[in-house]
Amino acid sequence: MAFNFTLPLRVIQAIFALIVLALTAWVASVFHDAFYYHYDSPSQNNFLIFTSIWTFLALAYLLLAPMVMPSLAHKFAVLGVEVLTMLFWFAGFIALAVYISDTIFDYCTGGFCSGLKAACVFAAFEWLLFTATTILSALHVFRSRGASSKPAAEVNVQSGV
């Protein structure tokens, strides 16, 4: 019997999403601190906050729908949620990386800049994790082409003699 890598990947995705959410929320609060003259948080940072929250909703669907309501876990719906979440993480970490590499951050040091850089790194790893689970989901869709549309997490076990 082969080991199913999906659940451990989902747990790591949830942990990384929580880390990115904590870092980006902290950076947003620093922007509103008096030291930074009440600037608005950069849109790239805000997008990663949205993506982290979206990830928790997507993970809830991807984990619970096949178990609770298998009819909602159609293989194309699962693939669509995977692809959309993967694209959100890709766009988020690329946008934040471009923002960090801007000339204004050539002189930036300290916790604020380190928080942005750490959020960007964790977001990049989160994108890699969602790329892996998207590939697994796409493989399931292509391998089960022409078959019934049972959810990816459902396994048919045959009893022994």
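Buried residues account for 37% of the 161 residues in the chain. Here buried means under 20% relative accessible area, exposed means over 50%, and partly exposed lies in between, with a 1.4 Å probe and protein chains only. The model is predicted, so local features need pLDDT of at least 70 and side-chain atom pairs count only at pLDDT 80 or more, while totals for chains, interfaces and linings use all residues. Residues are numbered from 1 along each chain as its sequence is written, and side-chain values use heavy atoms, with hydrogens and water left out.

Along the sequence the pattern reads α-α-α-α. Contact means heavy atoms within 4.5 Å. Among contacts between residues at least 6 apart in sequence, 75% join residues at least 24 apart. The accessible surface of the chain is about 9700 Å², and 72% of it belongs to carbon and sulfur atoms. These areas come from the Shrake-Rupley method with a 1.4 Å probe; for residues, only the protein chains shown count as cover.

In soluble globular proteins, nonpolar side chains tend to be buried together. A nonpolar core is a set of buried Ala, Val, Leu, Ile, Met, Phe, Trp, Tyr and Cys residues joined through side-chain atoms within 4.5 Å. The largest such core has 21 residues. Its members L48, W89, L96, F112, L116 and A123 touch the most other members. Helices α1, α2, α3 and α4 (111–143) each supply at least two residues of this core. The most come from α4, with eight residues. Beyond its neighbours within four places in sequence, A123 is in contact with V20, L48, W89 and F93. Another core lies apart from the largest one. It has six residues, among them A58, A65, A73 and V81.

W26 is found in helix α1. With 39% relative accessibility, W26 counts as partly exposed. Leaving aside neighbours within four places in sequence, W26 is in contact with G111, F112 and G115. W26 and L116 are 90 residues apart in sequence, yet their C-alpha atoms are 9.5 Å apart in space.

A search of the whole structure finds one salt bridge. The term covers a side-chain nitrogen of Lys or Arg within 4 Å of a carboxyl oxygen of Asp or Glu. The partners are R10 and E82, with the closest N and O atoms 2.3 Å apart. R10 lies in helix α1 and E82 in helix α3, so the pair ties together parts that are 72 residues apart in sequence. Both partners are buried: R10 has a relative accessible area of 5%, and E82 has 0%. T133, in helix α4, is in contact with both of these residues, and also with L9 and Q13, when neighbours within four places in sequence are left aside. T133 is itself buried, with a relative accessible area of 2%.

Rings of Phe, Tyr and Trp (its six-membered ring) pair if their centres lie within 6.5 Å; planes under 30 degrees apart count as stacked, over 60 as edge-to-face and the rest as tilted. The count by this rule is eight aromatic pairs. One of them joins F50 and F88, edge-to-face, at 5.3 Å centre to centre with 70° between the planes. This pair links distant parts of the chain: F50 is in helix α2 (residues 43–68) and F88 is in helix α3 (residues 75–100), 38 residues apart. F50 is partly exposed, at 39% relative accessibility. F90 and F93 form another edge-to-face pair, at 5.8 Å centre to centre with 80° between the planes. Both F90 and F93 lie in helix α3, three residues apart, about one turn of the helix. F90 is partly exposed at 36%, whereas F93 is buried at 13% relative accessibility. Ring pairs also link F47, F50, W54 and F88 into a cluster.

The surface carries a nonpolar patch formed by L7, V11, I15, L63, L64, M67, V68, M69 and L72. Together these residues have about 870 Å² of accessible area. Patches are made of residues with over 30% relative accessible area and no salt bridge; like charges are joined within 9 Å, and nonpolar side chains (Val, Leu, Ile, Met, Phe, Trp, Tyr) within 5 Å. Helices α1 (6–31) and α2 each supply at least two residues of the patch. The largest share, four residues, comes from α2. I15 sits in helix α1 and is partly exposed, at 44% relative accessibility.
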